[in-house]
Amino acid sequence: MHLAVIAPLSMMSALCPLGDIELVLGNMLLEPNYMAYYSSARDRGRCLILDNGVMELGYALSSSELFDLIDVLRPSFVTPPEVLHDGPETMRLTNQFITDLDRRRSADSVEVLGVAHGSSLREWTQTFDALATNPRIARIGIPYDVPFAVPGESERVDQLGQWAHRRMFLTEFVSQRYADRVKDVHLLGLAHPMELVMQSRHTFIRSHDSSWPVMAAVRGINYDETLMMEVPEKPFIKWDVPWNDGQAQLAAHNVAITRQVIKSDIEHRARF
């Protein structure tokens with residue numbers, strides 16, 4: 001689990017360690033507090049995933065920009081350049097990135113987290129298959145905003161619920177297609193906190209990132225053990241969020257509840 005936080009350094013230092021990994025937005029590393037925190041996290045042995053910033057910028061950082069950041073940050077994983085919802089172009093960029101990375105001295109110090117995209121289920125499956133069979137891909141990312149319809153979805157569900165259903169279909173599809181041979185998966189973002197409970201049955205999902213617990217705290221939303229709260233809008237992370245100690249305490253509570261619910265669900269399934 002990663003808690004996505006963009007806030008003053010003191011808040012980042014208090015909240016980010018509540019997760020198990022660190023997702024680093026490459027486009028934010030020029031901000032001194034942001035770089036200071038993640039450099040410190042690396043020195044403490046935290047697992048850092050260097051993200052290409054496509055969701056925040058609308059386009060991904062270039063390979064050369066990512067290589068410069070790899071040299072400075074020395075992350076555990078890096079996401080290559082990608083194009084949202086475009087499987088063939090994402091694979092072209094991913095393959096070129098790997099070729100260029102392997103020519104550099106930093107190649108041995110970072111693993112590649114390739115992202116599965118597609119404008120249809122068929123295209124997405126082809127992209128996932130290509131990533132799954134590439135020996136240089138250590139982990140596969142699945143975005144939360146799946147753009148195509150999947151069997152069994154309802155038109156009566158709001159968009160966030162629809163996205164959650166679609167990605168749950170995809171992870172179940174991967175589970176059936178690959179059985180115990182699937183690579184580790186990272187869930188990129190989150191449509192609704194309750195999705196985590198449903199996804200926890202898949203042991204190949206090794207990590208995920210989300211700003212929900214923090215942005216919910218900014219809005220005064222207090223999580224309970226159901227994670228079924230009504231949320232007024234999708235909480236996107238922002239640098240200029242007005243932080244205070246009360247919000248930080250509520251964010252820590254929301255993270256603790258989220259972890260507790262997931263852990264309880266895993267333990268319950270293990271008994272049956």
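Visitor: How many of the 272 residues of the protein chain count as buried, as a percentage?

Guide: Buried means under 20% relative accessible area, exposed means over 50%, and partly exposed lies in between, with a 1.4 Å probe and protein chains only. In this predicted model, 54% of the 272 residues of the protein chain count as buried. Residues are numbered from 1 along each chain as its sequence is written, and side-chain values use heavy atoms, with hydrogens and water left out. Because the model is predicted, local features need pLDDT of at least 70 and side-chain atom pairs count only at pLDDT 80 or more, while totals for chains, interfaces and linings use all residues.

Visitor: How should I read the packing of helix 4 and helix 5?

Guide: Two packed helices are described by the angle between their axes and the distance between the axes. Axes are lines fitted to C-alpha atoms, for helices over the stretch in contact, and angles run from 0 to 180 degrees between N-to-C directions. Helix 4 (residues 63-73) and helix 5 (residues 87-101) pack at about 45 degrees, with their axes 11 Å apart. That angle makes helix 4 oblique to helix 5, since angles under 35 degrees count as roughly parallel, over 145 as roughly antiparallel, 65 to 115 as roughly perpendicular and the rest as oblique. The contact (heavy atoms within 4.5 Å) is made by Ser 63, Leu 66, Phe 67 and Ile 70 of helix 4 and by Phe 97, Asp 100 and Leu 101 of helix 5.

Visitor: At what angle do helix 5 and helix 6 pack, and how far apart are their axes?

Guide: Helix 5 and helix 6 (residues 121-132) pack at an angle of about 20 degrees, with their axes 9 Å apart, and are therefore roughly parallel to each other. Here Gly 87, Pro 88, Met 91 and Thr 94 in helix 5 meet Glu 123, Thr 127, Ala 130 and Leu 131 in helix 6.

Note on methods
Helices (H or I, at least four residues) and strands (E, at least two) are DSSP runs, numbered from the N terminus.
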